Amino acid sequence: MNRTVKNESYFMSVWNEFRKNRAAVMGMSILFAIIVVAIFADFLAPYDPIEQVYADALQGPSTAHWFGTDEFGRDIFSRVLYGARVSLLVGVVSVAIACVIGSLLGASAGYFGGGYDAVVMRCMDVLLAIPSLLLNLSIVSALGKSVFNMMLAVGVSNIPRYCRIMRASVLQIKNAEYVDAARITGASHMLIIIRHIIPNCLAPIIVQATLSVGSAIIACAGLSFLGVGVPAPTPEWGAMLSNGKDFLRHNAYITIFPGLAIMLTVLSLNLMGDGLRDAFDPKLRR
Amino acid sequence: MEREQNVLLRAEHLVKTFPAGRNKVHAISDVDITICRGETLGLVGESGCGKSTLGRLILGLLRPTEGKIWFEGQELTAMSKGEFRKVRRDIQCIFQDPYASLDPRLSIANSIMEPLTINHVGTRQEQQEKVEALLKIVGIPVEYRNRFPHQFSGGQRQRVGIARALALNPKLIVCDEPVSALDVSIQAQVLNLLADLQNQMGLTYLFISHDLNVVQRISNRVCIMYLGQICESGPTEEIFAHPRHPYTHFLLSAVPVTDPEQRQEKELISGELPSPIAPPPGCRFHTRCPYATEVCRTSVPSKTEENGHLFACHHPL
C-alpha cells in the first residue's frame, strides 16, 4: 500500500493543526507584529519617548501626535511603541517562570503524592497566604532592584495557581491505564510525566497562562510605581496606565492607548492559547 | 519433571495488603501460581477477589508485601530497579478498557512505537517498519497509523493495545479482562486474534477474566480465586467437568446455558463477598458455603493435589 505514510512527529501534527485555526494564526500574527514593533521601536517611533516638551503637554490625538501627549508633553504613540519592549518581556517572562516552575511542581506533587506532595502543597499555601504585593516587594528588596528580579518576583507569586491546577489534573490522569502501560514498557517517571501526564493536563494551564499575561503586566506596573521595578522615565504600559489615571476625566486618551496595547497583547496571546489548546487535543481537531 | 523445566513464571506465598485507614485490605493472601511456557492460564473470580491485583504484582506495577516471584529462574522481587527494567520488557499487558489504555494525545503509531523508543530497539527506520508489521498482524490498515484513538471503535482500539503489547516480543502477556469491555461479536474476533498470535509467536498468557465461557474457550489451565486466595486450580477440562471446590461448583452452575434441554436447576451462592479488610477465619468461603462445618470455621484448609488438580477444601465434592 502507501509506503510513504510516515509517523508524524507529535509537534509537527500539533503545528499542522494550529495552522488550520484562523483565529489562532491571527493571534500569532498580532503577537509577532507587536514583537517586531518592540524590536524596531527606534526606527518606528516619531519622537523620543522620554523627551519632555512642556509646550506640547496634554494635547489630544492629532496628526503631529497620533495618540496625543501626556502631562510632560511626551508623545504617547512613541511611548506605546517603546513600552512594548519592557511590557511584553515582563508579561511573558514572569508568566513563563510561574508556568514552568508551577506546572513541574504540581505535576510531580500529584504524581508522586505522599510526603513530597504534602510538603510542596504546604509551601504553596504559604505563598498564597502572603499578599502578592508584599511578597513581590520582599523578593525584589531581598534580591536587589532590577527588571529581572521584578519578573522573578511576579513569577514566584503566581506559582501556586499553576501548581494547584496542574496537581488537580494530574491526580485524575495518573491512574489512567495508558500510564500503567507506559510504566510496564519501562518508561521512567520523568518520561511518563513529560510525555503522557503534562500533555494531557495542558489545556487549563495554557488558558490560565495566556489570560494572566495582562495581569502580570499590571502587577509589574504596580511594582514600578512603588519604585522597585522599571525606573520612572522608561516607557512601560502599566506605568503609563497608572500615571494617566489622574487625567482620566479630561484626557482619557493617556490611559486608553496603553490600555488598548495591553488588551491587544492579551487578546493575541489568548487567541493563540485557544488555538494551542485545541491543537494539542486531538479530539477537538476537525 | 518435564513441567518443572517449562516453568516461565512462578510465584510463592504472595501477599499484598493495602493500608485502609487503621486497617489493612488483604487483597492477596498466600497465593502460589505457576505459569508454564506456551500455555494460557485462566484466572477467574468475582469482582474484588484480587485477580487484577495479582496481575499487577506480576507486571511489577505493585510490589508484593510478602512472597517471591521468579521469571525464567530469576527472582524479580529481589532485583534492583535497573535490573528489573531489563526483564520487564518480557512481561507485557493487555488492558481491560480500550478507551483508557491508549493515550488520547498520541497517534496509534506513536503509541505502538513508544515501547520501542523507550527501550532503544533498532533505528528509527526499523521502528517504523516494526509498527507497520504490528499493525498488519493485528489487522489495522497501515494507512490509519496517524489516526488517534478516538477515531477507532472499541475493538480496533483493543487491537492497537495488543499491537503495543507485542512490540517488545514479550514472553508473557498478562491479559487483564481484555474482552469484557467489548461487544460479544467483537469479543470473538479479539479472542481468535489472541489465539492466532499464541500459535504464531509461542506466547504465554495469564488470562484474567470473570467470564467463564471465555476462559473455558481460551485457557489450558484455570485458577479459581476467592477473596484473595486460589481455591482451586487445574486443567481446564478437568475443572469444568469435575469441580472439587464448592465455590467452583456454584460458579459453574451460574453460567447461563443456551440449550434448554441441558438446563438444570441453578444453585446460586447466597450472600455477599465478605470484606477483604476482615476476611473470615478458617476457610474463607465458609460464610457462604452450604457444606461448611465447624472445622471450616476454625482451620485453614490445606491444598490437596490429584493429578495436577489442586484444591483447598475440607469437604471436597
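Me: How much area is buried between chain A and chain B, and what percentage do carbon and sulfur atoms give?

Reply: In this predicted model, the area buried between chain A and chain B is about 3,200 Å², and carbon and sulfur atoms give 51% of that area. The contact draws on 29 residues from chain A and 35 residues from chain B.

Me: How many salt bridges does the rule find across the interface of chain A and chain B?

Reply: A pair counts when a side-chain nitrogen of Lys or Arg lies within 4 Å of a carboxyl oxygen of Asp or Glu. By that rule there are two salt bridges across the interface; one of them joins B:Arg56 to A:Asp180, whose closest N and O atoms are 3.0 Å apart.

Me: Which residues have the most contacts inside the largest nonpolar core?

Reply: That core has 70 residues, and those with the most contacts inside it include A:Tyr162, A:Met166, A:Ile192 and A:Trp237. Its largest share, 14 residues, comes from helix H9 of chain A, residues 189-225. Another core, of 54 residues, lies apart from it and has B:Val160 and B:Leu252 among its members. As for A:Ile192, its contacts beyond four places in sequence include A:Tyr111, A:Val179 and A:Arg183.

Me: What span would a straight helix of 37 residues have, and what does H9(A) span?

Reply: At 1.5 Å a residue the straight helix would span 54 Å, whereas H9(A) spans only 44 Å between its end C-alpha atoms. Along its course, H9(A) bends by about 55 degrees at A:Leu202, with the proline A:Pro204 following within four residues. Just after this helix, A:Gly227 takes a positive phi of about 90 degrees.

Conventions
Residues are numbered from 1 along each chain as its sequence is written. Chains are lettered from A and ligands numbered from 1 in the order in which they are written. This is a predicted model: local features need pLDDT of at least 70, side-chain atom pairs count only at pLDDT 80 or more; totals for chains, interfaces and linings use all residues. Side-chain values use heavy atoms; hydrogens and water are left out. A nonpolar core is a set of buried Ala, Val, Leu, Ile, Met, Phe, Trp, Tyr and Cys residues joined through side-chain atoms within 4.5 Å. Buried means under 20% relative accessible area, exposed over 50%, partly exposed in between (1.4 Å probe, protein chains only). Helices (H or I, at least four residues) and strands (E, at least two) are DSSP runs, numbered from the N terminus. Contact means heavy atoms within 4.5 Å. The expected span of a helix is 1.5 Å times one less than its number of residues. The bend at a residue is the angle between axes fitted to the seven residues ending there and the seven starting there. Buried area is the accessible area (1.4 Å probe) that two parts lose on being put together, summed over both.
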